[in-house]
Amino acid sequence: MTERPPKVIVTKIGFDGHDRGSRVIAACLRDAGMEVIYTPPWQEISAVVKLTVEEDADVIGISSLATDHLIVPQLLAELRAAGLSDVQVIVGGIVPAKDEAMLLQSGVARVFHPGSSLDDVVESVRALSEKRRALMGEST
Amino acid sequence: MSSLAQWEAEFAKGVVGDATTYNRSGIGIKPLYTPKDQSSVPYEEALGYPGSYPFTRGIYPTMYRGRSWSQRQLIGLGVPEDYNLRVKEILDLGASALSLIPCNSVFRGYDADEVPPALLGTCGTVINHVEDMRVALDGVPIGELSTAMNDPTPFTLLAFELAVAKRRGVPWTKITGTSNQSDCISHFVANHMFFRLALQGARRVIVDHIAFANKHVPGWNPLSIVGQHMQQAGATPAEAMAFTLCSGIQYAEDCLAAGMDPDQFLPRFTFFFDVSISFFEEVAKFRAGRRIWARLCRERFGAKDPRSWRFKFHGQTSGVDLTRQQPLNNVARVTAQAMAGIFGGLQSLHTDGYDEVFSTPTAEAARIAVATQNILREEAHLTDVIDPLGGSYYVESLTDEMESKIVSLIAMIDEAGGMYQAVEKGIVQRMIGESALAFQKKVDAGEQTIVGVNAYQVEEDSANYPSQDYPDAPRMQAYLGRLAEFKKSRSNADVEKAITALARSANTPKSNVFEHVVAAAEVGATHGEICGILRKELGFGHPLTVV
């Protein structure tokens with residue numbers, strides 16, 4: 001069967017509007033051949049969950065430059081409640097070390113900090129997408 | 001006798017191939033500049049003297065010999081009491097002006113009781129009403145030092161400050177400072193955090209705010225036109241300067257269209273720029289910007305008073321240049337950036353804390369940031385000579401080249417129908433996005449070195465660096481309790497009346513919306529109530545994002 005490219009939602013929840021990171025990442029994932037669904041900032045958590053269902057996304061990338069990562073555990077909880085615990089969530093931006101531990105514990109697959117290379121992000125998203133497909137029982 | 005030809009031959013022996021490098025704005029840089037690179041425009045016309053047209057060498061005759069730039073550190077955390085404590089510390093350390101950063105929930109135009117509590121006060125101070133502002137500014141002599149309110153349309157924080165001044169008996173004519181974040185175009189394009197009202201609604205409120213301030217708070221700068229957001233979002237220095245000047249053109253033309261006198265509003269226009277680590281490019285960016293703005297004010301807007309031609313700007317060292325790797329290196333980066341800003345002739349400066357890549361700066365990092373400015377001024381003596389890089393063959397040539405690049409970008413935006421139209425079509429957003437991606441690719445390819453990121457890496461454990469603590473939950477709970485109390489204690493009939501009048505004003509073209517914002521703040525209307533009604537009447541601010 002033909003390989004379906006990874007499908008990624010790149011979004012921001014909470015209040016912050018700094019979107020350089022999310023835009024650069026979205027463009028770079030798209031250039032790497034992935035299917036990218038990009039949203040403007042300030043998405044409601046429920047809207048992200050709905051979008052994930054509708055798009056059957058493999059990975060959700062949350063960009064957070066101003067403490068919005070603090071509500072990512074809430075997003076994970078709502079994904080689980082919606083039966084989407086296989087969907088992989090990554091966070092990128094300004095995340096203090098103590099918060100990174102908290103995020104990983106709450107189920108975030110990976111946290112990217114300033115200085116992460118685009119290659120690293122692309123490879124990681126690809127691997128996480130494969131992981132999610134495997135969890136779904138889909139061969140990739 | 002040495003000759004240029006001889007040097008060229010000797011250089012070519014040592015360096016093989018094309019010796020041109022390119023700065024962030026894409027301008028080719030040669031290894032040497034000589035008198036041959038000087039423009040033919042006479043000195044008085046191209047550069048002149050500090051304080052006179054075209055202000056290339058500085059906007060005041062005395063520059064830092066007369067008065068230092070203002071050391072304006074951004075501060076904002078927790079509840080109003082926390083802000084008050086930190087502001088007093090910073091003033092004791094020598095800061096000469098203050099700046100209030102409200103919580104993100106405030107930036108987005110909501111009260112604390114309308115948002116997820118986990119986010120409250122984590123990135124700025126929660127200020128929701130006049131009583132909060134009274135506490136935040138308690139003991140701060142607001143009639144004597146300049147206060148910057150980082151608060152976009154409809155400028156409720158200034159309204160709260162004016163209400164506090166009235167209660168304290170400080171006349172509004174003594175209030176000085178700036179409405180930072182008043183530039184709705186930059187928010188629409190690049191920093192959506194501050195984008196509260198729909199673009200054309202915000203456009204109208206800005207003009208009303210300028211008219212109100214000019215009349216009632218004459219020492220206040222109601223407009224700060226922001227290049228910082230666009231450069232942080234990825235615009236090159238030339239693009240950031242060009243787009244910012246284009247926004248300035250729109251605001252000035254709107255004021256002219258409203259029948260205002262350019263010699264009244266232009267002296268109160270200010271600018272706010274990013275200062276990146278691309279040292280000479282930044283110096284040239286500012287020198288070129290001053291010259292272009294002076295010309296625009298005199299020739300395009302018809303201003304006659306030399307005070308109207310002055311390009312006053314605040315600089316903030318670029319956070320995007322800072323690295324999480326080997327974070328103490330950021331002190332060196334901030335130093336180089338601050339020097340570029342000082343040699344660029346800024347009027348006020350915020351130096352970033354080295355730990356801003358981890359969190360809101362800790363107290364120690366904030367102290368180092370202020371000390372950096374003091375060291376540059378008083379130990380390194382950077383301020384002994386005005387525009388000390390002026391006359392450098394390189395700097396003058398680069399200033400000219402940045403100027404032509406900026407001028408051609410302005411012409412492109414004019415061609416597109418002006419900045420409002422250009423951003424509504426996404427032209428500017430697309431260009432900035434492309435520049436951001438191009439820069440990141442250069443870094444990834446190793447063409448642009450970033451110490452600790454793509455070169456000179458060391459093994460390290462970044463978990464060792466402290467980060468600023470978030471306000472604790474009980475403190476925020478107590479704040480929410482006080483907010484509820486406040487809402488009960490005020491005259492709700494008066495608030496309702498003021499909000500209704502504000503709504504009516506928003507729908508009446510000749511009425512001044514900001515006048516009604518001030519009136520509502522005085523009777524105790526909250527930030528969320530004021531923003532809420534204007535969102536309803538003028539439209540919610542959806543930015544246009546382009547990927």
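**View 1. Who sits around Ile406(B) in this predicted model.** Leave out residues up to four places away in sequence, and Ile406(B) touches Ala238(B), Met241(B), Ala242(B), Leu245(B), Ala288(B) and Ile292(B). Ile406(B) is also among the residues with the most contacts inside the largest nonpolar core.

**View 2. The largest nonpolar core, 182 residues in all.** Besides Ile406(B), the residues with the most contacts inside this core include Ala159(B), Phe160(B), Ile432(B), Val517(B) and Ala521(B), and chain A is represented on that list by Val8(A). Helix α11 of chain B, residues 237-257, gives the most to the core, with 11 residues.

**View 3. Where chain A touches chain B.** Here 29 residues of chain A are in contact with 34 residues of chain B. On the chain A side, α1, α4 (97-105) and α5 (118-136) each supply at least two residues. The top contributor is α1(A), with five residues. Sort that side of chain A by class and you get 15 nonpolar, seven polar and seven charged residues.

**View 4. Helix α1 of chain A meeting helix α18 of chain B.** The axes of α1(A), residues 20-31, and α18(B), residues 427-444, come within 10 Å and cross at roughly 70 degrees. Angles of 65 to 115 degrees count as roughly perpendicular, so that is what α1(A) is to α18(B). From α1(A), the residues at this contact are Arg20(A), Arg23(A), Val24(A) and Ala27(A); they meet Gly433(B), Ala436(B), Leu437(B) and Gln440(B) in α18(B). By class, the contact residues split into four nonpolar, two polar and two charged.

Technical notes. Residues numbered from 1 in each chain as written. Chains lettered and ligands numbered in written order. Predicted model: local features only at pLDDT ≥ 70, side-chain atom pairs only at ≥ 80, totals over all residues. Axes fitted to C-alpha atoms, helices over the stretch in contact; angles between N-to-C directions. Helix = DSSP H or I, 4+ residues; strand = E, 2+ residues; numbered from the N terminus. Parallel < 35°, antiparallel > 145°, perpendicular 65-115°, else oblique. Contact = placed C-beta atoms within 7 Å. Nonpolar A, V, L, I, M, F, W, Y, C, P; charged D, E, K, R; others polar. Core = buried A, V, L, I, M, F, W, Y, C linked by C-beta atoms within 7 Å. Buried ≥ 20, exposed ≤ 12 C-beta atoms within 10 Å, placed from the backbone.
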